[in-house]
Amino acid sequence: SGVYVHGAGAVVGPICQNTVRGSGAGIWVHDGARAGGVGENVIADCADAGVLMASVASAEVRNNVVSRMGVAGIFCGSVAQVSVAGNTLSDCADTAIAVNAATTATVRGNDIRGGGTGLWICHSEVVLDRNTVTDCGWWGIGLAAGTRGEVTGNTIEGAGEDGISCCGGAVASITANTVCRSSGMGIEVQ
């Protein structure tokens, strides 16, 4: 990893204004570690994730530029409070932004281009607001099992599958979004 913070005793201030290229993961904070936010970093060409926040109390990920990830651009898993805002992500092979098992999450104002799925949320309480997802290979926004959410004011263009998919028992209000040129359904609820 480019930056690795691990364990309950690990505490760092903000992780910001770094350039990380060609690592396994760009920035990895997990297992009870505390970071004062991850922001304004440039992360490219990593085999795994650009920013990986797992099993921590909170994750604030803002204004990063993340490109060409082998798996995910930003992944937040088993985090009580998540805020992912103002990031620019491109060509993340699996998912640009993934949130799993968050007590509360806000994903707002991110710009996503290319790659696999734009936003994928599972087992979380989430607000997805004013994100732009363009030309992703799979779903623009996917809400899966155990998710309760508000999906408002997002723009999805050119999704390879559905623009917005709410499946597997996810419950959401989906309002004031713009979905165009999706190969699958514009908005699918199943």
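Reader: Which residues does A35 touch, not counting residues up to four places away in sequence?

Author: This is a predicted model, where local features need pLDDT of at least 70, side-chain atom pairs count only at pLDDT 80 or more, and totals for chains, interfaces and linings use all residues. Residues are numbered from 1 along each chain as its sequence is written, and side-chain values use heavy atoms, with hydrogens and water left out. Contact means heavy atoms within 4.5 Å. Beyond four places in sequence, A35 touches V12, G13, I15 and V29.

Reader: What separates the C-alpha atoms of A35 and G13?

Author: A35 lies in strand β6, residues 34–35. Strands are DSSP runs of E, at least two residues, numbered from the N terminus. A35 and G13 are 22 residues apart along the chain. Their C-alpha atoms are separated by 5.6 Å.

Reader: Is S124 buried or exposed?

Author: S124 sits in the loop between β16 (117–122) and β17 (125–129). Buried means under 20% relative accessible area, and exposed means over 50%, with partly exposed in between (1.4 Å probe, protein chains only). S124 has 3% relative accessibility, so this residue counts as buried.

Reader: Which residues is S182 in contact with, leaving aside its neighbours within four places in sequence?

Author: S182 lies in the loop between β24 (178–180) and β25 (187–189). At 19% relative accessibility, S182 counts as buried. Leaving aside those neighbours, its contacts are A159, E161, D162 and G163.

Terms used
Helix = DSSP H or I, 4+ residues; strand = E, 2+ residues; numbered from the N terminus.
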